[in-house]
Amino acid sequence: MVIRRVLAPRIDFGALRRELGLPEEYPEAAQREAAAAAAAPPRPAVDRTDVPLVTVDPPGSRDLDQAMHLGRRAGGGYRVRYAIADVAAHVRPGGVLEDETWRRGQTIYLPDGNVPLHPHSLGEGAASLLPDVDRAAVLWTIDLDADGGTTAVVVQRALVRSRAQLAYPGVQADAEAGRLPEPIALLPEIGALLTARGLRRGAINLPIPEQDVEADGDGWRLVLRAPVPMEEHNAQISLLTGMAAADLMLAGGVGLLRTMPAPKPEAVQRLRAAAAPLGVHWPDGVGVGELLLRLDPAQPRAAAFIDQAAELMRSAAYTPFDGEVPGQPAHGGVAAAYAHVTAPLRRLADRYATEVCLALHDGREVPDWARAALPRLPAVMAATDRTASVASRGAVDLAEAVLLEHRVGETFDAAVLDVDAPSNGKARPSRPPGGTVALDDPPVRARCLGELPLGTRVRVRLVAADPITRSVAFELA
């Protein structure tokens with residue numbers, strides 16, 4: 001799933017929350033169970049508080065799933081230590097808290113506040129890898145050779161202590177100034193190696209920018225916030241761990257993979273058609289992943305192209321197996337087998353997938369409560385993925401409608417990204433012809449009516465912008 005987030009604190013998203021039926025407060029019984037778990041935190045037998053881990057997250061984050069330390073190995077190569085919040089150590093199987101997390105499935109992100117998977121006492125408290133406190137974690141130790149290839153993997157429960165909570169803007173500034181703190185000094189080097197390996201496999205990374213709606217006089221202004229390079233490097237460590245988890249599961253014959261078919265050639269061809277009108281030069285022989293890496297997501301046209309490229313990432317699923325390995329175990333975006341294990345505070349499936357990995361690594365039976373959950377998780381995660389996607393899209397639609405509601409009748413320059421499928425010789429359906437266009441300014445992507453030539457630039461007229469229905473519509477001018 002690809003999330004395009006919008007930051008718009010001055011806009012009321014209450015109607016969207018009610019429409020999606022998002023829960024407000026945690027049930028009292030679940031809160032009591034969480035508070036009891038927080039008051040008696042687990043202390044794993046293995047103590048790795050000597051490892052100077054740090055977290056790297058968006059500014060202001062409190063639900064800290066991951067902490068890392070990167071080092072060089074004697075004789076060459078690297079050692080990645082990646083600590084993941086041990087949520088299973090806090091949530092009792094069969095309890096009311098576990099039941100409530102199954103109802104929620106994952107954290108839902110909205111501009112005016114998140115709907116969390118776990119109560120704040122755990123998700124932003126006792127289970128979060130906050131700095132300067134001892135925490136129960138699942139510690140992955142992954143050894144890499146000089147080219148970034150994995151040579152050894154160890155996963156164990158351990159007591160850890162983060163030394164600092166870092167934020168992407170500061171980390172990026174430190175990287176550019178050559179003063180990254182020791183625990184992540186190698187992140188640009190290792191991240192670049194892992195990115196290059198992914199490109200050679202055919203991986204596709206989407207640097208989706210955030211949209212920020214700001215007051216501008218009597219109206220609104222839409223601003224793009226591009227991810228900084230250190231975010232991509234950080235993401236590569238998570239992907240590395242997810243691939244290591246998938247390899248453990250496949251070798252052990254049981255697990256939960258995140259799978260997705262490779263992008264279809266016709267989808268890639270449609271994306272190629274959208275490149276030229278957006279001013280994106282796509283040389284022959286350059287793959288999608290390499291092309292996206294060259295773009296600046298802070299530029300509206302590049303951002304529109306990246307947004308369109310997200311259409312390639314369709315049909316992702318959670319694939320459980322127990323005994324027979326799936327016939328198609330790979331994730332097309334990662335171009336390898338991959339599993340979700342690095343965000344258990346925000347995603348239900350990670351808790352159970354991690355427990356499988358711990359058991360397989362130790363050569364013991366997977367706990368019954370984790371094994372029994374595997375075939376049930378895909379339906380829950382698919383449903384909550386849809387909710388998260390609708391919430392994300394609805395927030396963007398509302399912000400764009402608010403931004404444009406006083407500009408109905410104006411014309412804009414736009415690129416034609418996609419057009420409706422032809423009728424194959426049959427009578428044209430009642431829906432009028434049209435497609436999707438991306439405006440240059442403001443950076444809005446919306447439906448447009450008319451006979452649109454795919455892959456061209458056009459002038460379009462705004463005919464509707466309704467914050468109540470969260471709809472924006474254009475017509476060919």
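Q: Which residues of helix H3 are buried?
A: Leu97, Glu98, Glu100, Thr101, Trp102 and Arg104 are buried in H3, where buried means under 20% relative accessible area, exposed over 50% and partly exposed in between, with a 1.4 Å probe and protein chains only. Helices are DSSP runs of H or I with at least four residues and strands are runs of E with at least two, numbered from the N terminus. This is a predicted model, in which local features need pLDDT of at least 70 and side-chain atom pairs count only at pLDDT 80 or more, while totals for chains, interfaces and linings use all residues. Residues are numbered from 1 along each chain as its sequence is written, and side-chain values use heavy atoms, with hydrogens and water left out.

Q: Why does Glu100 count as buried?
A: Glu100, which has its place in helix H3 (residues 96-104), has a relative accessibility of 6%, and therefore counts as buried.

Q: Which residues is Glu100 in contact with, leaving aside its neighbours within four places in sequence?
A: With those neighbours set aside, Glu100 is in contact with Tyr26, Pro27 and Ala30, contact meaning heavy atoms within 4.5 Å.

Q: What makes the pairing of the Glu100 and Arg103 side chains a polar contact?
A: The two side chains, of Glu100 and Arg103, are joined at 2.8 Å, and the term asks for a pair of N or O atoms within 3.5 Å, of which, within protein, one must be able to donate a hydrogen and the other to accept it, with residues adjacent in sequence counting only if both atoms are side-chain atoms.

Q: Why is helix H11 described as largely enclosed by the rest of the structure?
A: Of the 15 residues of helix H11 (residues 348-362), 12 are buried, so the helix is largely enclosed. The buried ones include Asp350, Arg351 and Glu355 as well as Leu348, Val356 and Leu358. Just after H11, Gly363 takes a positive phi of about 75°.

Q: Why is H5 called roughly perpendicular to H7?
A: Helix H5 (residues 168-177) and helix H7 (residues 229-252) pack at an angle of about 100°, with their axes 8 Å apart, the axes being lines fitted to C-alpha atoms over the stretch in contact and the angles running from 0 to 180 degrees between N-to-C directions. Angles of 65 to 115 degrees count as roughly perpendicular, those under 35 as roughly parallel, those over 145 as roughly antiparallel and the rest as oblique, so H5 is roughly perpendicular to H7. Tyr168, Val171, Gln172 and Ala175 of H5 make the contact with Pro229, Met230, Glu231 and Asn234 of H7.

Q: What makes H8 roughly antiparallel to H10?
A: Helix H8 (residues 265-275) and helix H10 (residues 300-309) have axes 10 Å apart and pack at an angle of about 170°, which means that H8 is roughly antiparallel to H10. Leu271, Ala274 and Ala275 of H8 meet Phe305, Gln308 and Ala309 of H10 in this contact.

Q: Which members of the largest nonpolar core touch the most other members?
A: Among its 53 residues these are Val80, Trp140, Ile190 and Ile237, a nonpolar core being a set of buried Ala, Val, Leu, Ile, Met, Phe, Trp, Tyr and Cys residues joined through side-chain atoms within 4.5 Å. Not counting residues up to four places away in sequence, Ile190 touches Leu70, Tyr78, Val80, Leu144 and Ile237. Another core, of 25 residues, lies apart from it, and Ile208, Ala267, Val288 and Met313 are among its members.

Q: Why is Ala335 called partly exposed, and why is Arg470 called buried?
A: Ala335 has a relative accessible area of 26%, and is therefore partly exposed, whereas Arg470 has 15% and is therefore buried. Ala335 lies in the loop between strand S11 (330-331) and strand S12 (336-337), and Arg470 lies in the loop between strand S16 (457-466) and strand S17 (471-476). Although Ala335 is not a glycine, its phi is positive, at about 60°; Arg470, which is not a glycine either, has a positive phi of about 55°.
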